[in-house]
Amino acid sequence: MDLKSLVRTIPNYPKDGIMFRDITTLLEHPAGFRRTVDELVQPFAGSSITRVAGIEARGFILGGAVAHQLSIGFVAVRKKGKLPWQTISVEYELEYGTDEVEIHIDSVEAGDQILIIDDLIATGGTAAASVQLIREVGGEVVGASFIVDLPDLGGRARLEDMGVPVRTLMSFEGD
Ligand code: AMP
């Protein structure tokens with residue numbers, strides 16, 4: 001199955017010059033969604049990972065399915081101000097301004113082996129901040145998996161420089 005053909009591209013969204021890679025069309029496709037989750041799970045079946053960390057919001061859909069399939073727990077990495085218990089946060093740069101992600105301080109135990117999941121890696125800012133959060137609460141990041149890689153924006157290289165193996169199911173060049 002050609003998963004890439006199930007991703008919809010929307011030019012100039014949310015602003016001029018951005019090619020938005022919309023995975024909702026892939027999620028809506030029964031066999032496409034199943035295959036996507038299977039491919040995200042496959043390298044980690046029988047591995048030592050103990051939790052999946054999904055990044056808000058599309059990482060929740062995918063990460064939840066992956067955690068279920070691996071019969072392990074799910075950890076939410078959320079945008080600032082959404083988590084009800086004690087959190088730590090990391091701020092990161094956007095093209096204009098900054099953003100912040102948070103994690104519950106007790107959502108990871110020392111020595112937990114964590115797989116990070118999100119839909120897409122662009123500059124890697126969000127994922128790098130998530131790696132930092134997980135490390136700060138004592139977890140070990142054993143990998144980060146995404147459906148889509150935008151290689152020209154350098155996110156994969158950035159995570160690999162942090163010692164995190166990256167896996168993606170497809171890439172769109174030139175963005
Ligand atoms: P970044 O922190 O730059 O790696 O951005 C990653 C986050 O922004 C992911 O959660 C994506 O959902 C979203 N994102 C960034 N660029 C795009 C794009 N061209 N199409 C769709 N989503 C994007």
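**Exercise 1.** Determine whether Asp22 is buried or exposed, and which residue forms a salt bridge with Asp22.

*Solution.* Asp22 has a relative accessibility of 7% and therefore counts as buried, where buried means under 20% relative accessible area, exposed over 50%, and partly exposed in between (1.4 Å probe, protein chains only). The model is predicted, so local features need pLDDT of at least 70 and side-chain atom pairs count only at pLDDT 80 or more, whereas totals for chains, interfaces and linings use all residues. Residues are numbered from 1 along each chain as its sequence is written, and side-chain values use heavy atoms, with hydrogens and water left out.

Next, take the partner: Asp22 forms a salt bridge with Arg8, the closest N and O atoms being 2.8 Å apart; the term requires a side-chain nitrogen of Lys or Arg within 4 Å of a carboxyl oxygen of Asp or Glu. Because Arg8 lies in strand β1 (residues 8-11) and Asp22 in strand β2 (residues 19-22), the pair ties together parts that are 14 residues apart in sequence; strands are DSSP runs (E, at least two residues), numbered from the N terminus. Arg8, at 41% relative accessibility, counts as partly exposed.

**Exercise 2.** Locate Lys80 and Glu100, and describe how their side chains meet.

*Solution.* The two side chains meet in a salt bridge at 3.6 Å, N to O. Lys80 sits in the loop between β4 (73-79) and β5 (87-93), and Glu100 in strand β6 (residues 98-104), 20 residues apart. Lys80 is partly exposed, at 48%, while Glu100, at 16%, is buried.

How values were computed:
Helices (H or I, at least four residues) and strands (E, at least two) are DSSP runs, numbered from the N terminus.
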